[in-house]
Amino acid sequence: MADIPAFTPVHLLTGFLGSGKTTLLKRLLTDPALSDTAVLINEFGEVGLDHHLVERIDDTMVLLQSGCVCCTVRGELADALRELHSKRERGLVPPFARVIIESTGLADPFPVLSTLKSDPVLRHHFRVGSVVTTVDAVNGQLQLDTYMESNRQAAIADRIVITKTDLCDVAPDTLLTRLRQLNPDAICHIATPHGPDAETLFADGAAHRSAQLQSASGFYCDAPAALQTADGAVHRSAISSFVIVVDEQVDWTGFGVWLTMLLNRHGDRVLRVKGILNLSGEERPVAVHAVQHLVHPPVHMDAWPSNERASRIVFIVDGLDANLLKRSFNAFALAGKVEARPQPEAAAQARNAQSP
């Protein structure tokens, strides 16, 4: 029997049309690691679950041989989650320790995540888990060139799964490079018939990887990169990444006020914020992480990843001016005492971006 957590993590499986979400989900549902999982999908038929069914609980829920509860989302996602929680409380479905939601191929991921924070019932029982995005190795470059949704799905991901590499004549190195520019902190996996497995994709705490330091800054990138289309042109979407580096200690209260104001006004355009902070009065670094309007609890890290003690915050934004964000950061988090260390790459990226 699953141990029901105080706040059940809700993981999101997203990806553009035809990118292999359903194929990945179908394989994952046979993994014993998901036996204590509830899965919300658009329609049972799309996933081809008939040969996995054990019993039908009602017209929207079925129990699988693996122990998973699969539910069809009809109408509002919040209603489906509330119904699922109610049935677990009343013992009408097996207890589950996590929820996985498969979104539609054209969906912006954020409204799904924001449901958990905005709904007064759900926010007391559920929390945001990992975002897993599938990207098609055959068509991924063209989709990133053409569709804003594809860019946002990749930019918001904690883990990216490259699918259909068996259908390509060449290795997906160019696509991987582009995805790492779009979302330098995401972990990329190449899909195989047996992997990645459920534990790899949905392990609890995947959104807070402060213990898996990859660089001097503590994150998977140290420098921003301008985004380009497959033919080398500047990407028309205006999605860009940049880094704020500060040598002086940061005031936690001022930083909190600044981040709250930024996300309240521009949260839908701030796709990701992730940083390591040297705070006044703190010996150890503190890791911060936000996805649009959703701010994860800060994590006190065990130690600094290098001898450098500078605060470093990585942003992925959609059409916001990096220089204006830096000036507002200085005004609040540094009380005007010191300028953030200049990052010339960010200025180049922001030339064509809109003003906040």
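How many helices and strands does the protein chain have? The protein chain has 11 helices and 15 strands. The model is predicted, and its mean pLDDT over the protein chain is 79. Of the 356 residues in the protein chain, 55% are buried.

**Confidence**

- A pLDDT of at least 70 is reached by 81% of the residues.
- Confidence is highest in strand β8 (residues 159–163), at a mean of 94, and lowest in helix α11 (residues 344–350), at 38.
- Residues 206–218 have a pLDDT below 50, and this stretch makes 39 contacts in the model beyond near neighbours in sequence.
- Residues 342–356 also have a pLDDT below 50, with 33 contacts in the model beyond near neighbours in sequence.
- Where pLDDT is low, the predicted coordinates should not be read in detail.

**Overall fold and surface**

- Among contacts in the protein chain with a separation of 6 or more, 76% are between residues 24 or more positions apart.
- The protein chain has an accessible surface of about 15,600 Å², and carbon and sulfur atoms account for 52% of that surface.
- Helix α6 (residues 148–155) is mostly covered, with 6 of its 8 residues buried.
- The buried residues of α6 are S150, N151, R152, Q153, A154 and A155.

**Nonpolar cores**

- The largest nonpolar core has 29 residues, and L40, L84, V99, I101 and L113 have the most contacts inside it.
- At least two residues of this core come from each of β1 (8–15), β2 (37–41), β4 (61–64), β5 (69–72), α3 (77–89), β6 (98–102), α4 (109–118) and β7 (126–136).
- Helix α3 gives the most to this core, with 5 residues.
- Leaving aside residues up to four places away in sequence, L113 touches L12, V128, V131, I156, V291 and L294.
- Another core lies apart from it and has 25 residues, including V246, L262, V288 and A333.

- L262 is placed in helix α9, and L262 counts as buried because its relative accessibility is 7%, under the 20% cut-off.
- Apart from residues up to four places away in sequence, L262 touches G267, V270, F315 and L325.
- L262 and L325 are 63 residues apart along the chain, and their C-alpha atoms are separated by 8.5 Å.
- M261 is also found in helix α9 (residues 252–266), but M261 is partly exposed, with a relative accessible area of 46%.
- On the surface, M261 forms a nonpolar patch with V257 and F332, and together the three have about 250 Å² of accessible area.
- I244 is found in strand β10 (residues 239–246), where it is buried with a relative accessible area of 0%.
- The C-alpha atoms of I244 and I313 are separated by 5.2 Å, although the two residues are 69 residues apart along the chain.

**Salt bridges**

- Side chains of opposite charge can pair when their charged atoms come close.
- The count comes to 7 salt bridges.
- One of them joins the side chains of D36 and R98, with an N to O distance of 2.6 Å.
- This pair links distant parts of the chain: D36 is in the loop between α1 (21–28) and β2, R98 is in strand β6, and they are 62 residues apart.
- Both partners are buried, D36 with a relative accessible area of 19% and R98 with 17%.
- D79 forms a salt bridge with R82, and their closest N and O atoms are 2.3 Å apart.
- D79 and R82 both lie in helix α3, 3 residues apart, about one turn of the helix.
- D79 is partly exposed at 40% relative accessibility, and R82 is partly exposed with a relative accessible area of 28%.
- R82 also meets D119 in a salt bridge through their side chains, at 2.3 Å from N to O.
- Because R82 lies in helix α3 and D119 in the loop between α4 and β7, this pair ties together parts that are 37 residues apart in sequence.
- D119 counts as buried, at 10% relative accessibility.

Technical notes. Residues are numbered from 1 along each chain as its sequence is written. This is a predicted model: local features need pLDDT of at least 70, side-chain atom pairs count only at pLDDT 80 or more; totals for chains, interfaces and linings use all residues. Side-chain values use heavy atoms; hydrogens and water are left out. Patches are made of residues with over 30% relative accessible area and no salt bridge: like charges are joined within 9 Å, nonpolar side chains (Val, Leu, Ile, Met, Phe, Trp, Tyr) within 5 Å. Accessible areas come from the Shrake-Rupley method with a 1.4 Å probe; for residues, only the protein chains shown count as cover. A salt bridge is a side-chain nitrogen of Lys or Arg within 4 Å of a carboxyl oxygen of Asp or Glu. Helices (H or I, at least four residues) and strands (E, at least two) are DSSP runs, numbered from the N terminus. Buried means under 20% relative accessible area, exposed over 50%, partly exposed in between (1.4 Å probe, protein chains only). A nonpolar core is a set of buried Ala, Val, Leu, Ile, Met, Phe, Trp, Tyr and Cys residues joined through side-chain atoms within 4.5 Å. Contact means heavy atoms within 4.5 Å. pLDDT is the predictor's confidence in each residue, from 0 to 100.
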